Amino acid sequence: MPYLELLERAREIQSAAHVPYSEYRVGAALETADGEVFVGCNLENANFSNSLHAEEVAIAEAVKKGHRDFTRIAVSSSRRDGVTPCGMCRQTLAEFCGDDLVIVCDEGDDEPSEYTLGELLPNTISEETLE
């Protein structure tokens with residue numbers, strides 16, 4: 001799937017976000033190695049630590065369907081401000097994705113920013129570091 005279509009999927013799912021506190025809608029679209037796409041949006045909770053982030057919801061959807069090989073994720077906020085996955089989401093992505101996972105970040109009308117997970121989270125905590 002072209003990255004602009006993936007980004008559009010991330011934009012579309014924002015309408016399902018539950019954000020009564022921040023009003024900051026985020027959508028994510030995660031592409032598997034075989035081309036399937038799973039989307040997620042943020043779900044806030046009055047106890048903020050229990051909130052779910054869009055990237056976490058997308059990866060949970062994919063993993064529960066048996067996927068473990070991912071190529072790209074697009075992330076978009078309602079503000080189109082180039083949002084990147086937060087540290088917690090980066091670590092969650094690192095659990096299931098390699099350093100080469102491409103992260104496409106929505107900059108609005110401009111060309112999206114692109115990073116790899118390894119760029120955003122170098123020297124991640126992994127199964128190997130826990131041994």
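Cys89 touches His53, Glu55 and Glu56, leaving out residues up to four places away in sequence; contact here means heavy atoms within 4.5 Å. The structure is a predicted model, in which local features need pLDDT of at least 70 and side-chain atom pairs count only at pLDDT 80 or more, while totals for chains, interfaces and linings use all residues. Residues are numbered from 1 along each chain as its sequence is written, and side-chain values use heavy atoms, with hydrogens and water left out.

Cys89 sits in helix H3, and with a relative accessible area of 1% it is buried. (Buried is under 20% relative accessible area, exposed is over 50%, and partly exposed is in between, using a 1.4 Å probe and protein chains only. Helices are DSSP runs of H or I with at least four residues, strands are runs of E with at least two, and both are numbered from the N terminus.) Cys86 is found in the loop between strand S3 (70–77) and helix H3 (87–96). Its relative accessible area is 29%, so Cys86 counts as partly exposed.

Both cysteines carry an annotation: an unreviewed UniProt entry places the feature "binding site" at Cys86 and Cys89. The lining of the largest pocket includes Cys86 and Cys89. A pocket, on a 1 Å grid over the protein atoms alone, is an open set of points where a 1.4 Å probe fits, with protein on both sides within 12 Å along at least five of seven lines; lining residues have an atom within 4 Å of a point.

Ser77 belongs to strand S3 and is buried, at 0% relative accessibility. Its side chain makes a polar contact with the side chain of Asp81 at 2.8 Å. Such a contact is a pair of N or O atoms within 3.5 Å; within protein, one must be able to donate a hydrogen and the other to accept it, and residues adjacent in sequence count only if both atoms are side-chain atoms. Beyond its neighbours within four places in sequence, Ser77 is in contact with Gln14, Tyr24, Arg25, Val26 and Val83.

Glu114, in strand S5 (residues 113–116), is partly exposed at 49% relative accessibility. Not counting residues up to four places away in sequence, Glu114 touches Val102, Ile103, Val104 and Glu119.

As for the whole protein, there are five helices and five strands, in the order α-β-β-α-β-α-β-β-α-α along the sequence. Of the 131 residues, 44% count as buried.

Methods. UniProt positions are given in the numbering used here, feature names are shortened, and annotations may be inferred rather than shown by experiment.
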